[in-house]
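Please read the paragraphs below alongside the sequence and the model.

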Amino acid sequence: MTVTGADELLLGFARALRAAGVHVTQDRAQSFLDATAVVGLDDQRATYWAGRATLCAGPDDLDRYDQVFTAWFLSPDRPTGPRSTQERPPVTAAGLDNDGSGEGSDAEDLRTMASEAEVLRHRDIAEMSGAERARLAALFETLHPRPPRRPAHRRTPWHRGDVDAGRTLRKMLARMGEPAEIAWRRRRTRPRRVVLLLDVSGSMSPYADALLRLAHRFALRTTSGSAATEVFTVGTRLTRVTRAMRLRDPDRAIVAAGQTVPDWSGGTRLGETLKMFLDRWGQRGLARGAVVVVFSDGWERGDTALLGAQMRRLHDLAHRVVWVNPHVGRAGYEPVQQGIVAALPYVDDFVAGHSLATFAELVEVVSHA
């Protein structure tokens with residue numbers, strides 16, 4: 001199949017989804033084409049998950065997506081594309097369990113894939129194979145971080161709240177002094193800044209790729225002027241990777257970040273790097289009133305007293321401090337590491353961060369902070 005033929009087939013599937021009621025935008029359709037180009041159209045399971053990760057906006061779309069996918073790719077009378085049936089190779093290649101025997105086997109395949117994806121969402125990332133991590137990378141598209149909100153100084157009309165005396169008076173004057181409906185107002189809200197500090201030391205290296213993909217989702221979806229998400233890596237040095245994380249393509253963003261960070265898989269000096277962040281960035285306003293999220297297992301090779309002192313400074317500046325530890329999700333875990341013991345008194349939320357499911361929970365924690 002030519003590239004043009006493949007694109008027309010995939011775009012036809014996107015249009016069929018839109019006709020079925022799924023809100024498929026042009027950006028999502030392009031992301032679907034890019035994802036399928038990476039995983040290959042010959043792989044049925046990969047094509048299914050590439051479409052589900054890029055074209056579905058929420059749980060309400062999943063049933064319709066499964067139905068349209070089955071009808072478009074798996075039914076005996078599926079579209080044949082621009083070529084004739086004799087000229088074009090089959091849409092699904094070897095490994096595609098579609099022998100035209102009926103919808104029962106297709107539905108069973110879809111249920112199996114959905115079950116495998118759910119298992120993958122809850123697997124510890126450090127225990128995954130390379131192929132599983134590649135499949136998981138497409139599922140990060142299902143995360144939709146929203147910036148937390150903070151009260152603004154200005155007020156806006158609302159159906160309840162405080163009485164807007166000025167607007168109520170103007171309404172009365174417009175009616176020659178006759179009583180008018182009372183106008184109400186409430187305080188506006190503005191996006192609150194989010195700051196992500198990613199531990200890229202050796203003990204956190206199994207999670208480094210996933211943490212950068214999560215940071216990329218935050219940076220793309222919570223960018224709003226002065227409240228844009230800021231991303232730093234911490235280890236033996238502090239590195240700002242915000243610019244790299246704002247690239248639209250996640251793989252390009254990770255490559256750009258990798259070229260910027262000089263201390264991958266090194267030691268951990270959280271106290272020193274946190275002090276550097278506060279002295280250079282946080283104290284000057286970047287951490288003031290922000291939600292600061294620290295991703296680390298707490299293995300501190302430096303002075304733990306320094307770490308505790310800097311965490312106290314951070315807690316005084318920030319609106320909320322969230323600590324994400326991949327070991328929290330393991331059975332029998334106890335926060336006994338010296339770094340964690342020093343930091344915990346100044347942490348508002350201590351959450352797990354070892355799987356895609358725990359990342360989804362973290363997104364909600366940050367959004368409601």
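Buried means under 20% relative accessible area, against over 50% for exposed and partly exposed in between, with a 1.4 Å probe and protein chains only. In a regular strand the side chains alternate between the two faces of the sheet. Since 5 of the 5 residues of E5 (residues 230–234) are buried, the strand is largely enclosed by the rest of the structure. Strands (E, at least two residues) and helices (H or I, at least four) are DSSP runs, numbered from the N terminus.

This is a predicted model, in which local features need pLDDT of at least 70 and side-chain atom pairs count only at pLDDT 80 or more, while totals for chains, interfaces and linings use all residues. Residues are numbered from 1 along each chain as its sequence is written, and side-chain values use heavy atoms, with hydrogens and water left out.

Two strands pair if DSSP finds at least two bridges between them. E5 pairs with strand E4 (residues 194–199) in the parallel sense over 5 bridges, and Leu 196 has Val 231 as its bridge partner in E5. With strand E6 (residues 238–240), E5 runs antiparallel, joined by 3 bridges; here Phe 232 is partnered by Arg 240. E5 and E6 form a hairpin, with 3 residues between them.

The pockets come next. On a 1 Å grid over the protein atoms alone, a pocket is an open set of points with protein on both sides within 12 Å along at least five of seven lines, whereas a cavity is a set where a 1.4 Å probe fits but cannot get out; lining residues have an atom within 4 Å of a point. Grid points are joined across faces, edges and corners, and a volume is the space filled by probe spheres set on the points.

The largest pocket holds about 1100 Å³ of space. Its lining has 34 residues, and Ser 31, Ala 35, Thr 54, Glu 141 and Pro 250 lie nearest its centre. Helix H2 (26–39) is among the helices that each supply at least two lining residues, and H2 gives the most, with 8. By class, the lining has 15 nonpolar, 6 polar and 13 charged residues.

The second largest pocket has a volume of about 470 Å³. Of its 19 lining residues, Gly 58, Pro 59, Arg 121, Thr 142 and Leu 143 are the closest to its centre. Helix H5 (103–122) is one of the contributors and gives the most, with 4 residues.

Definitions and conventions. Nonpolar A, V, L, I, M, F, W, Y, C, P; charged D, E, K, R; others polar.
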